[in-house]
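Okay, everyone, thanks for coming. Let me put the sequence and the model up on the screen, and then I'll walk you through a few spots.

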Amino acid sequence: MDQGLKGDMTTTARTARRWKDRTGEVNCRAWVGGPGLRLGLCLVLATSGAAAATGGPVVEEYALKAAVVLNLAKFVEWPQGTFLNPQDPIVICILGDNPFGRSLEQAVRGQAIDNRPLIVQQVSNVAQARSCQVVFVSWSERKRLRSIFGQLSSRGILTVGDTDDFAAEGGVVNLSVEANRIRIEINPEAAGQQRMRISSRLLSLALIKRTLRAKK
């Protein structure tokens with residue numbers, strides 16, 4: 001295991017907090033799966049400062065998801081040519097209705113990945129989303145997911161969502177909540193179409209999904 005990641009996980013085990021979704025509270029340590037999975041979610045909480053951003057130990061669902069989005073970017077390798085300059089920011093865009101409020105902006109404030117600052121932008125159409133490195137596709141766009149993914153294909157974009165069948169429709173990462181627990185789903189085929197590499201450490205924490213083929 002990467003020593004930096006191992007160290008972060010050890011620190012996280014000591015600083016884990018609790019979060020709640022619409023139906024109640026769940027302890028960070030009780031997340032789905034074995035110790036690696038539990039620590040994976042706790043790592044998100046500890047490294048993002050999401051709990052602190054809300055002013056208390058309980059984190060709202062989308063504050064937690066904002067922290068997850070931030071940390072996903074740390075385990076992705078974008079294709080060559082994505083950035084023109086070493087100082088170019090990593091742009092995280094929201095396509096459709098914004099469910100985060102200010103949580104995503106708070107999560108990335110002051111953060112950098114490989115010395116690249118992170119910024120958040122709201123985009124109103126797919127054409128604008130093509131210049132982003134991460135695109136969170138809102139639930140409001142669920143009826144046209146395949147069209148969106150087709151237009152963003154091969155552009156080196158990490159697509160993230162939290163709707164049913166998001167990964168199966170061709171999105172790279174889906175964040176689902178089941179029985180008061182958050183689950184990360186990853187579609188490696190979709191990541192390959194985007195010409196990006198996802199860390200094996202992140203893949204080991206995720207539920208692997210495949211793209212569903214349309215019936216002829």
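This is a predicted model: local features need pLDDT of at least 70, side-chain atom pairs count only at pLDDT 80 or more; totals for chains, interfaces and linings use all residues.

Residues are numbered from 1 along each chain as its sequence is written, and side-chain values use heavy atoms, with hydrogens and water left out.

So, rings. How many aromatic pairs does a search of the whole structure find? Four. One of them is Tyr 62 with Phe 100, edge-to-face, 5.5 Å centre to centre and 90 degrees between the planes. Tyr 62 is in helix α4 and Phe 100 in the loop between β5 and α5, so this pair ties together parts 38 residues apart in sequence. Helices here are DSSP runs of H or I with at least four residues, strands are runs of E with at least two, and both are numbered from the N terminus. Both Tyr 62 and Phe 100 are buried.

Then there's Phe 149 with Phe 166, also edge-to-face, at 5.1 Å and 90 degrees. Phe 149 belongs to helix α7 and Phe 166 to the loop between β9 and β10, so here the parts tied together are 17 residues apart. Phe 149 and Phe 166 are buried too.

Back to Tyr 62: ring pairs link it with Phe 100 and Phe 136 into a cluster. The charged end of Lys 65 sits over the Tyr 62 ring, 4.8 Å from its centre; that label needs NZ of Lys or CZ of Arg within 6 Å of the ring centre and within 35 degrees of the ring normal.

Now the sheet. Strands pair if DSSP finds at least two bridges between them. We have an open sheet of eight strands with mixed pairing, ordered β6-β7-β5-β8-β9-β10-β11-β13. β6 and β13 are at the edges with a single partner each, so one side of each has no neighbour in the sheet. β9 and β10 run parallel, joined by two bridges, and Val 160 stands opposite Val 173 in β10.

Definitions and conventions
Rings of Phe, Tyr and Trp (its six-membered ring) pair if their centres lie within 6.5 Å; planes under 30 degrees apart count as stacked, over 60 as edge-to-face and the rest as tilted. Buried means under 20% relative accessible area, exposed over 50%, partly exposed in between (1.4 Å probe, protein chains only).
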